[in-house]
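Take a look at the structure below. This report goes through some ring pairs and a few loop residues.

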Amino acid sequence: MALMDFIKKQLIDIIEWQDDSRDTLSYRWPDDDKEIKNNAQIIVRESQVAQFVYLGQYADTLTPGKHTLTTANIPVLSTILGWKYGFESPFKADVYYVTTRTFSGNKWGTANPIMMRDADFGVVRMRAFGQYDFKIVNPPLFLKEVAGTDNHFRLDEFADVMRSKIVTVFTEAIANAKVPALDVAARYSEIGAALLPAINPITTAKYGIEVTSFNIENVSLPPEVEQAIDKRGAMTTIGDMGDYIKYNMANAVAEGKAGTMGFGAEFAVAMGVGQQMVNQPGGTVGVNPNAPKGMVPGTVSAPVAAAVAPAAAPAMELMNPAQVAQALGVAEADVLTELDAGTLKGRKIGTQWRVTREAVDAFLKG
């Protein structure tokens, strides 16, 4: 009797696992070196599957429910064990419980910039990060490629193993999709959803997982590319560059602020306004019914033309220190000394001096 009790204790009657955590992906049921007997019961709860592994070979996968282990419901394992007509003896096999629910809010990110070819900017370096949701859809492949023989494979271990793999998948997907850098940086949610069909075939075939949601939270481009994007946005806001220049020049003239535009800009505006007045329908500017005879309609009278187009100012002659020295018959160093002292008037632009002919004449007279 004692022998029979001992034998019964060495056989497994019921196999079940209650997951009291929220971060377990796979769990190997502890058999304590016991054997599974004929007609043993295995209980698989919702969001679980039970995977049999015998000597490294992946056998049957049991879905949620209560199962009685017979050759009918574990045909693959029965074939591996060589059972032709049913259970012949108790057997040993590893039973892995795999969680099939969706695991959400997993972070991904590029540790180093990824290189991508872009139609607008050529080859650019891009960093990106975000979140993704996933679930296990192929337990044998997941155990083989991701969890391995880990007795209790948790989510934090999965994140360490998969982070670089997810980034690799993202890189391949976005490269194959040929999404412009401008679109990646501006349409996160749309791009994430559009990448799912490209990501899932890879993750399902390689790792046995399906990515149910893929979100891009931020994309960082090199500073020069971001500046180009800003300039392009500014140009879109400005619209027609000719209208923009006319508007700024007209404001400068109206306010009497030539600033860096100088007289030439004011003259250009005046000429532009005059030309627009000439090009008005009818081709006249304030046609005077008492205008002198012989004046051709569509032309501008001499006083108006004179007001619109003032005489051009004489060009200003500029010289550099070497030219001033040649004109004065002295060394260039002497000219630079006088410029630094202020006795010879000039203007320094960056590291270069420019001197007008009038300033040279004034220096000689002084």
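Trp108 is buried, with a relative accessible area of 2%. Here buried means under 20% relative accessible area, exposed means over 50%, and partly exposed lies in between (1.4 Å probe, protein chains only). Phe214 is buried too, at 3% relative accessibility.

This is a predicted model: local features need pLDDT of at least 70, side-chain atom pairs count only at pLDDT 80 or more, and totals for chains, interfaces and linings use all residues. Residues are numbered from 1 along each chain as its sequence is written, and side-chain values use heavy atoms, with hydrogens and water left out.

**Ring pairs**

A pair of aromatic rings is described by the distance of the centres and the angle of the planes. Rings of Phe, Tyr and Trp (its six-membered ring) pair if their centres lie within 6.5 Å; planes under 30 degrees apart count as stacked, over 60 as edge-to-face and the rest as tilted. By this rule there are eight aromatic pairs. Two of them are set out here.

| Pair | Centre to centre | Between the planes | Type |
|---|---|---|---|
| Trp17 and Tyr27 | 4.9 Å | 15° | stacked |
| Trp108 and Phe214 | 5.0 Å | 20° | stacked |

Trp108 sits in strand E8 (residues 103–109) and Phe214 in strand E12 (residues 209–220). The two are 106 residues apart, so this pair links distant parts of the chain. Strands (E, at least two residues) and helices (H or I, at least four) are DSSP runs, numbered from the N terminus.

Trp17 lies in the loop between strand E1 (11–15) and strand E2 (24–28), and Tyr27 in strand E2, so their pair ties together parts that are 10 residues apart in sequence. Trp17 is buried, at 10% relative accessible area.

Ring pairs also join Phe103, Tyr132, Phe134, Phe142, Phe153 and Phe158 into a cluster.

**Loop residues**

Buried or exposed: which is Asp31? Asp31 is buried, at 19% relative accessibility. Its place is in the loop between E2 and strand E3 (35–44). Asp31 and Lys92 are 61 residues apart in sequence, yet 8.7 Å apart in space, C-alpha to C-alpha.

Asp32 is in the loop between E2 and E3 as well. Asp32 is exposed, with a relative accessible area of 62%. Its phi is positive, about 50°, although Asp32 is not a glycine.

Leu55 has a positive phi of about 50° and is not a glycine either. Leu55 lies in the loop between strand E4 (48–54) and strand E5 (57–62). At 72% relative accessibility, Leu55 is exposed.
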